[in-house]
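Please keep the sequence and the model in view while reading.

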Amino acid sequence: MERNEFFNSIKNKEYYKKIESFLDKEYKENVVYPPRNEIFNAFNLCKLDDLKVVIIGQDPYFNKDQAMGLAFSVKEGVKLPPSLENIYKEIEIEFNALMNYQSGDLTYLANQGVFLINPILTVKEGKPLSHDIPEYKEFFKDLMIFIDEIDKPIVFILWGNKAKSYEKYILNKNRLVIKTTHPSPLGANKGGFFNTDMFKKTNDYLKENGLDEINWSNLIF
């Protein structure tokens with residue numbers, strides 16, 4: 001299944017037309033992240049045919065130059081947001097590895113089949129959840145149903161309550177679902193994110209099903 005197959009399946013739906021109109025207005029009248037041409041970067045960087053892991057967050061970073069259409073990722077040269085720092089810390093904990101905190105670009109994961117996606121695709125500058133619109137819920141429901149029909153083992157990692165609300169669409173038995181708190185300081189520091197072995201469990205599942213494990217470290221890329 002390819003990116004275009006999914007978008008062709010929804011392009012004539014009323015909610016998708018409403019999303020386009022909404023974004024036309026928002027990008028014209030407000031500062032919105034990520035840049036409009038990067039909204040669907042997750043689809044561009046991780047081909048659905050190569051999909052092994054789906055990581056679901058909440059909505060994009062809302063500060064200047066952070067969001068790049070790949071959930072939790074920032075471009076080279078941009079300081080790591082606290083959520084991404086916590087993700088790196090957990091990778092270090094699980095694999096006794098070192099991470100390069102000077103690079104927040106997670107394209108290296110997307111290239112290995114990790115689909116990093118937020119259910120809410122855009123946000124106004126400085127206003128988290130400002131684009132929590134019903135149409136995005138419809139979009140993401142259709143995306144989850146589409147992915148669930150892919151006939152291969154896939155790991156879903158759901159970070160936070162927004163992500164967990166979509167678990168009901170994961171019906172395929174050929175799945176591993178891992179749920180934790182959100183990696184933001186507010187969520188991670190309360191417990192439920194660190195020391196969960198989520199990345200190890202993911203790799204164990206992939207290996208058990210004859211798939212290449214994910215190299216979670218960014219130091220060799």
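A nonpolar core is a set of buried Ala, Val, Leu, Ile, Met, Phe, Trp, Tyr and Cys residues joined through side-chain atoms within 4.5 Å, where buried means under 20% relative accessible area, exposed over 50%, and partly exposed in between, with a 1.4 Å probe and protein chains only. The model is predicted, and local features need pLDDT of at least 70, side-chain atom pairs count only at pLDDT 80 or more, and totals for chains, interfaces and linings use all residues. Residues are numbered from 1 along each chain as its sequence is written, and side-chain values use heavy atoms, with hydrogens and water left out.

**The core**

The largest nonpolar core holds 71 residues, and of these Phe115, Ile117 and Phe139 touch the most other members. Helix α6, which covers residues 134–148, gives the most to this core, with seven residues. Helices (H or I, at least four residues) and strands (E, at least two) are DSSP runs, numbered from the N terminus.

Contact means heavy atoms within 4.5 Å. When residues up to four places away in sequence are not counted, Ile117 touches Ala42, Phe43, Val54, Ile55, Ile56, Gly57, Ala71, Phe140 and Leu143. Leu143 lies in helix α6, and leaving aside neighbours within four places in sequence, Leu143 is in contact with Phe6, Phe43, Phe115 and Ile117. Leu143 and Ile10 are 133 residues apart in sequence, while their C-alpha atoms are 9.3 Å apart in space.

Gln66 is found in the loop between β2 (53–56) and α4 (82–95), and leaving aside neighbours within four places in sequence, Gln66 is in contact with Tyr61, Ser73, Val74, Lys75, Val78 and Pro81.

| Residue | Relative accessible area | State |
|---|---|---|
| Gln66 | 13% | buried |
| Leu143 | 0% | buried |

**The whole chain**

The secondary structure of the chain comes to nine helices and six strands. The radius of gyration, taken over C-alpha atoms, is compared with a globule rule of 2.2 Å times the number of residues to the power 0.38. For this chain the radius is 17 Å, close to the 17 Å that the rule gives for 221 residues, so the chain is as compact as a globular protein of that length. Along the principal axes, the C-alpha atoms fill a box of roughly 45 × 40 × 30 Å. Buried residues make up 52% of the 221 residues, and among contacts between residues at least 6 apart in sequence, 68% join residues at least 24 apart.
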